[in-house]
Amino acid sequence: MDPVEARRRIADAQSAAQSRLESLRAQFDVIVAGSEWTTDDDEHDPEGSTIAFERAKVIGLARDAEVEVRELDAAQERVASGSYGVCERCGSAIADPRLEALPAARRCIVCLRLR
Ligand SMILES: [Zn+2]
């Protein structure tokens, strides 16, 4: 795996994950601002439980995006240390199409199925 190409791919994925995170944070702010107009009584207010559900969904997606950003940081470190693209379980090279689709991949497709 060409380290220059690897870095470029990781950086692209990082900026995509970062902008997704920012948009989720903006959505969260909108939901919180909107919920100030309704009561906090989720049980008796159908609108309130919808907001709670939407809020939980956005928080979940934002956490996923945060994990992805961290994983991509770790991938950049592996490029620096020369271990990028090597399966952390079996030590074989991770197939290029897999790294292209998932630049932060730590395991080859065979080991992934073992999980
Ligand atoms: Zn493997």
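## Overall fold

Read from one end of the sequence to the other, the protein follows the pattern α-α-α-α. That makes 4 helices and 0 strands. Please keep in mind as you look around that this is a predicted model.

The protein has 115 residues, and 30% of them count as buried. Now take the contacts in the protein with a separation of 6 or more: residues 24 or more positions apart account for 57% of these.

What do C90 and C108 tie together? C90 sits in the loop between α2 (46-81) and α3 (96-101), while C108 sits in the loop between α3 and α4 (109-114), so this pair links parts that are 18 residues apart in sequence.

## A residue in helix α2

Helix α2 also holds Q76. Is Q76 buried or exposed? With a relative accessible area of 17%, Q76 is buried, because buried means under 20%.

Which residues does Q76 touch, once its neighbours within four places in sequence are left aside? The contacts of Q76 are R7, I10, A11 and Q14.

## The largest pocket

Finally, have a look at the largest pocket, which has a volume of about 280 Å³. It is lined by 16 residues, and those closest to its centre are E71, L102, A104, A105 and R106.

Two helices, α2 and α3, each supply at least two residues of this lining. Which helix gives the most to the lining? That is α2, with 5 residues. By residue type, the lining of the largest pocket divides into 8 nonpolar and 8 charged residues, with no polar ones.

## Bringing it together

Helix α2 is a handy landmark for finding your way around. It contains the buried residue Q76, and it gives 5 residues to the lining of the largest pocket.

Terms used:
Residues are numbered from 1 along each chain as its sequence is written. This is a predicted model: local features need pLDDT of at least 70, side-chain atom pairs count only at pLDDT 80 or more; totals for chains, interfaces and linings use all residues. Side-chain values use heavy atoms; hydrogens and water are left out. Buried means under 20% relative accessible area, exposed over 50%, partly exposed in between (1.4 Å probe, protein chains only). Contact means heavy atoms within 4.5 Å. On a 1 Å grid over the protein atoms alone, a cavity is a set of points where a 1.4 Å probe fits but cannot get out, and a pocket is an open set with protein on both sides within 12 Å along at least five of seven lines; lining residues have an atom within 4 Å of a point. Grid points are joined across faces, edges and corners, and a volume is the space filled by probe spheres set on the points. Ala, Val, Leu, Ile, Met, Phe, Trp, Tyr, Cys and Pro count as nonpolar, Asp, Glu, Lys and Arg as charged, and the others, Gly among them, as polar.
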